[in-house]
Amino acid sequence: MNQQVAAGVLAGLGYRADVVANGIEAVEAAGRVPYAAILMDCQMPEMDGYAAAQEIRRREGTARHTPIIALTADILKDARAKSLSAGMDDYVTKPLKPEQLAAALERWLPSSRKSPAVAADPRPEGAVDRQVLDRQVLDRQLLDGLRQVERAGTPAWSKK
């Protein structure tokens, strides 16, 4: 469910995302696609988000630095320090709020640049959901509608 929430929030913000099943797949995806940003769930099977971020940084070396935004349920002060020490650039907490994620993405991605993003979050075994990524212009009207629906307690992407 967290994966669907993250993908829905990203879609509401004008992003499409590749979604992976675990930290190993996140590392592999980051090696294949030059993502503009990675939303990394810290609690993933096989390799957690902290270890995946460290491995992505090791593989990137000095040639590239993909912004990695941690997604964590841990709201303690040390969660930020743990994320940053693992090589992540920023973090947002669960439950994921569209405005919180939008602010983090704005800090790391110039708003005028078209660029891909990825959401890394556990998914059920055998589930597949891969898309080519594009950064699209943020539709403020859509975002305002998303905020209104979310305040009412219904996920915005479930209403049409």
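1. Accessible areas here come from the Shrake-Rupley method with a 1.4 Å probe, and for residues only the protein chains shown count as cover. On that basis the chain exposes about 8600 Å², of which carbon and sulfur atoms supply 53%.

2. This is a predicted model, in which local features need pLDDT of at least 70 and side-chain atom pairs count only at pLDDT 80 or more, while totals for chains, interfaces and linings use all residues. Residues are numbered from 1 along each chain as its sequence is written, and side-chain values use heavy atoms, with hydrogens and water left out.

3. The chain has six helices and five strands. Helices (H or I, at least four residues) and strands (E, at least two) are DSSP runs, numbered from the N terminus. Starting at the N terminus, the order of elements is α-β-α-β-α-β-α-β-α-β-α.

4. Of the 160 residues in the chain, 47% are buried. Buried means under 20% relative accessible area, exposed over 50%, and partly exposed in between (1.4 Å probe, protein chains only). Contacts (heavy atoms within 4.5 Å) can also be sorted by sequence separation: among those between residues at least 6 apart, 64% join residues at least 24 apart.

5. Helix α1 spans residues 2–12, and its buried residues are Gln3, Ala6, Gly8, Val9, Leu10 and Gly12. Just after α1, Gly14 has a positive phi of about 95°. Ala102 is buried because its relative accessible area is 14%.

6. How do helices α2 (residues 23–32) and α3 (residues 49–60) cross, and at what angle? Their axes come within 9 Å and cross at roughly 25°. Axes are lines fitted to C-alpha atoms, for helices over the stretch in contact, and angles run from 0 to 180 degrees between N-to-C directions. The pair α2 and α3 is therefore roughly parallel; angles under 35 degrees count as roughly parallel, over 145 as roughly antiparallel, 65 to 115 as roughly perpendicular and the rest as oblique. The contact is made by Gly23, Ala26, Val27 and Ala30 of α2 with Ala52, Glu55, Ile56 and Arg59 of α3. These residues divide into five nonpolar, one polar and two charged, where Ala, Val, Leu, Ile, Met, Phe, Trp, Tyr, Cys and Pro count as nonpolar, Asp, Glu, Lys and Arg as charged, and the others, Gly among them, as polar.

7. Leu39 and Ala26 are 13 residues apart in sequence and 9.8 Å apart in space, C-alpha to C-alpha. Leu39 counts as buried because its relative accessibility is 4%.

8. Two backbone details deserve a check. Most residues other than glycine have a negative phi, and most peptide bonds are trans. Glu46 is not a glycine, yet has a positive phi of about 70°. Glu46 lies in the loop between β2 and α3 and is exposed, with a relative accessible area of 65%. A cis peptide bond joins Lys94 and Pro95, with omega about 0°. Pro95 lies in the loop between β4 (90–93) and α5 (98–108).

9. Thr93 belongs to strand β4. Thr93 counts as buried at 14% relative accessibility. Its C-alpha atom is separated by 5.4 Å from that of Ala73, 20 residues away along the chain.
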